[in-house]
Amino acid sequence: SLFVSGFPRGTEPARLRQHFRAFGDVATVVMDKEKGAFAIVELREPAGRQRALDEPRHFLGGRRLRVRPREHRDFPREHPREPPGTPPLPPGLLQALGQEQDVSGGLGGGVPKLSGGGLGVLGCSGGFRGG
């Protein structure tokens, strides 16, 4: 993949596709949707990618493009955050629930089971009424 920047604001993906077609078959062009400041251009063949990188100057719409290899970065994944004020789960609860065949079985019977294909609301005396 190629990281491409420097093109005029509002440039359509088709224009980038047309430019890079000179180096090989273009598989995809993904534009930065927020600012339109960069694009990722994927060429189908590694040789086409290399030809594009070997080209000393790229111009589009009267502006010089910056064309570099795309860096593949691994970002550390954080655990999903709970909303503020959410009490912590008891230790081992998620592991215990993961081993139960029926989630409500590990909760001491305090939660009604959902069965029968209808929708119900936990903790409510009435169920869902379709209309």
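The following is a working chat about the structure shown above.

User: What kind of model is this, and how are residues numbered?

Analyst: This is a predicted model, in which local features need pLDDT of at least 70 and side-chain atom pairs count only at pLDDT 80 or more, while totals for chains, interfaces and linings use all residues. Residues are numbered from 1 along each chain as its sequence is written, and side-chain values use heavy atoms, with hydrogens and water left out.

User: OK, which elements does the protein have, going from the N terminus?

Analyst: The protein has 3 helices and 5 strands, running β-α-β-β-α-β-β-α from the N terminus; these are DSSP runs numbered from the N terminus, with helices being H or I of at least four residues and strands E of at least two.

User: What is the order of the strands in the sheet?

Analyst: The open sheet of 5 strands has the order β2-β3-β1-β5-β4 and its pairing is antiparallel, where two strands pair if DSSP finds at least two bridges between them. The edge strands, each pairing on one side only, are β2 (26–31) and β4 (58–60).

User: And β1, which strands does it pair with?

Analyst: β1 pairs in the antiparallel sense with β3 (residues 38–43) over 4 bridges, and also in the antiparallel sense with β5 (residues 63–69) over 4 bridges. Leu2 has Val41 of β3 as its bridge partner, whereas Phe3 stands opposite Arg68 in β5.

User: Switching to Ser1: where is it, and is it buried or exposed?

Analyst: Ser1 lies in the segment before β1 (2–5), and Ser1 is buried, with a relative accessible area of 14%; buried means under 20% relative accessible area, exposed over 50% and partly exposed in between, using a 1.4 Å probe and protein chains only.

User: Which residues is Ser1 in contact with?

Analyst: Leaving aside neighbours within four places in sequence, Ser1 is in contact (heavy atoms within 4.5 Å) with Ile40, Val41, Glu42, Arg49, Arg68, Pro69 and Arg70.

User: What joins the side chains of Ser1 and Glu42?

Analyst: A polar contact of 2.2 Å joins those side chains. A polar contact is a pair of N or O atoms within 3.5 Å; within protein, one must be able to donate a hydrogen and the other to accept it, and residues adjacent in sequence count only if both atoms are side-chain atoms.

User: Back to the whole protein, how much of it is buried?

Analyst: Buried residues make up 22% of the 131 residues. Among contacts between residues at least 6 apart in sequence, 52% join residues at least 24 apart.
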